[in-house]
Amino acid sequence: MPIAARRRRFTTWRSLATVATAALMAAFLTPAAAHATAVRESTPVYSYDNAVRESVWVDTGLDGDGDGRNDRVAVDIVRPREPAQQGRKVPVIMDASPYYSCCGRGNESQLKTYDAHGDVVQMPLFYDNYFVPRGYAFVGVDLAGTNRSDGCVDVGGRSDIQSAKAVVDWLNGRARAYTTRTGADRARATWTNGRTGMIGKSWDGTIANGVAATGVKGLETIVPISAISSWYDYYFAQGAPLYDSGPDWLSDYVDSPDARARCAAVQQKIVAGAPRTGDRTPFWTERDYVKDAGKVRASVFLVHGMQDLNVRTKNFGQWWSALAKNGVERKIWLSQTGHVDPFDFRRGAFVDTLHRWFDHELLGYDNGIDRAPMADIERHPDQWVTTSVWPPRSTRTATLRPGSGTQPGVGTLGLRKGSGTETFTDDPRLSETDWAAHLDSSTSEKAGFVTKPLTRDLRLSGSSEVTVTATPTTSTAHLSAVLVDLGPDTIRDYAGGGEGITTLTDRTCWGSSTAGDSSCFKVTRAATTDVDATVLSRGWADLGTYASAGRGVPLTPGKAYTITLDLAATDHVVPAGHRLALVVAGTDRDLIDPPSSTPTLTLDLSRTSARVPVVGGAEAFGRATAGTGTVTSPPVHDGVRDPRTAQRIPGDRH
């Protein structure tokens, strides 16, 4: 669908919403509630205790496990009984996941449980408890190769995506499903109108991104939380490995026991297709959803932690930009947390916003959610601001230049082109936290460049790029570039075990409960820490990919190479009195793996720069760094603790 046509689609939907409300009320609500345009919110008028709980197996059209028959994926359904009895159809909220039996969902690692007939008793998370009484069906899909499904996990590839897409097709009458895993009795989704919204955190949200990128009809909206948009960018940063294992380890981790026995051939294909060299192969191309953003028909409500070191924030930044270029209706929340669900860092506001979002996108209610500010951003723990468009329209790229200082490795950062060189030696024992703590000291493992103290606030909003020209002493070298806010602050402790939250023992309830499925979940609060330096954006690369981001080559010692590192998207205000710093270094301990050698690198400062998205552009940066400010930070800067060893599982924290 061309951009103009897609924009017309959303404009038309909104303009027709009020006109269509009366018809929608008749379709979805009890007669007593069908009062034309007066209703703006679905209410819990249906019995959760008496809801229909059933399972079907949807034919994916694939034979991933090579057993000679099409794979069927298990679909567990909880839906209100009353609408079907009254001849009315309901929309669907769906979470497709590999974690329903192996690892659990949510902060409490909930698993699906079943009764003696094989029907779901406990559906993890609050979605069914809250939305089924409000006239939605909830559908939990076991990805191929997991729990009760046939097939094999292929880590974001065709099998994973088709596992969920086939269910959307079935809900819209375009695919087949059966009442048992192996039987011939057909199951038909006569109880739904096919309008589907997908939601999920991490791998689950990744599947929502991937299905949306197929352009499947009937998928009206997705809510990807801490989700991957390109699996290459989950495992590598421009050739630099982010984890000490690959997708074959991950597929084995989530495969059901019987899938492990039958999926050896698929495992071998994963190993062969995803070499640890960091080269882009057809395997990664298949798992890149950004390239297909032009096919997206669904609206997108995206949620991500700006300090997520599991699914790193390049994933949301590039997805958001691609959606924007294609005119997709969208909304975004950015928190200070790591890899944490919004239900656990902003519970009441998230449930309310999600309720309004689904009511608008799936029921067609004109409730104003589409006219609300596009972005909610956590500026301090539990302190949120909004912006009508993200990034703000006044955001412009400011090109910042490093310059030599009065001592080696302690340089300046400004708008004027610098000269000279800086030299550092890769030290894999040190991390971005160590670099930030010694930005005012001459140390051998990094080159740091710092502005004057700011005389006014400076807001960075979006993704940055850092171009460096570096001469290595060895044939391999990895580079890191980080932006640092130098100054005291209280932030969420994203490097702690809770990644910015503390889980308490009290519970709050969200929806209806049964004896086997409680709607009550443990309360959380912000876990905070006082710091004197905050890393606000990061990027890494293998210098050997200087000529092609998809293929690394050996370096010639003594030869200069120029490469541009993509830094992760963020939204951060560096307050007046603080300083903005750029660090260029080698291995970022626990966040990338080291190269095979220990290089010393010399930077050519005249050919090194940072392109930073500043609200107000270079003019705003110039005003903020003009004049004399007062340093509000002590001479030695303490950041958060070193990041924990990076997780290899794009799932919940447990």
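Does Cys-102 count as buried, partly exposed or exposed, and at what relative accessibility? I looked this up first in the predicted model. At 33% relative accessibility, Cys-102 counts as partly exposed, because buried would require under 20% and exposed over 50%.

**Entry on Cys-102 and Cys-103**

I then looked for the partner of Cys-102. A disulfide joins this residue to Cys-103, with 2.1 Å from S to S. I noted the torsion about the S-S bond as -85°, and the link of Cys-102 and Cys-103 is left-handed. Cys-103 has 17% relative accessibility and therefore counts as buried.

**Entry on the other disulfides**

How many disulfides does the structure hold? I recorded 3 of them.

Cys-152 and Cys-263 form one, and their sulfur atoms are 2.0 Å apart. Its torsion about the S-S bond is -85°, which I recorded as left-handed. I next looked up where the two cysteines lie. Cys-152 is in the loop between β6 (137–142) and α4 (158–171), and Cys-263 is in the loop between α8 (257–262) and α9 (264–273), so the pair ties together parts that are 111 residues apart in sequence. Both Cys-152 and Cys-263 are buried.

Cys-509 is joined to Cys-520 by a disulfide, S to S 1.9 Å. Cys-509 counts as partly exposed because its relative accessibility is 46%, whereas Cys-520, with a relative accessible area of 18%, is buried.

I also wrote down the pairing of the bonded cysteines of the protein chain, numbered in sequence order: 1-2, 3-4, 5-6.

**Entry on aromatic pairs**

I turned to the aromatic rings. A pair of aromatic rings is described by the distance of the centres and the angle of the planes. A search of the whole structure finds 32 aromatic pairs.

Why is the pair of Tyr-130 and Phe-131 edge-to-face? The ring centres of Tyr-130 and Phe-131 are 5.0 Å apart and the planes stand at 75°, so the pair is edge-to-face; the cut-off for that class is over 60 degrees. Tyr-130 counts as buried because its relative accessibility is 9%. Phe-131, at 1% relative accessibility, also counts as buried.

I then examined Trp-333 and Trp-384, whose aromatic pair is tilted, with 5.7 Å centre to centre and 45° between the planes. This pair links distant parts of the chain: Trp-333 is in strand β14 (residues 330–335) and Trp-384 in strand β16 (residues 383–387), 51 residues apart. Trp-333 and Trp-384 are both buried.

Which residues do ring pairs link into a cluster? I listed Tyr-99, Trp-203, Trp-231, Tyr-232, Tyr-234, Tyr-235, Phe-236, Tyr-243, Phe-283 and Trp-284.

**Entry on charges over rings**

Finally, I looked for charged side chains over aromatic rings. Arg-72 lies over the face of Tyr-178, and I noted 3.8 Å from the ring centre. The ring of Trp-320 has the charged end of Arg-330 over it, 5.1 Å from its centre.

Conventions:
Residues numbered from 1 in each chain as written. Predicted model: local features only at pLDDT ≥ 70, side-chain atom pairs only at ≥ 80, totals over all residues. Heavy atoms only, no water. Phe/Tyr/Trp six-rings, centres within 6.5 Å; stacked < 30°, edge-to-face > 60°. Buried < 20%, exposed > 50% of the residue type's maximum accessible area, 1.4 Å probe, protein only. Helix = DSSP H or I, 4+ residues; strand = E, 2+ residues; numbered from the N terminus. Lys NZ or Arg CZ within 6 Å of the ring centre and 35° of its normal. Disulfide = S-S within 2.5 Å.
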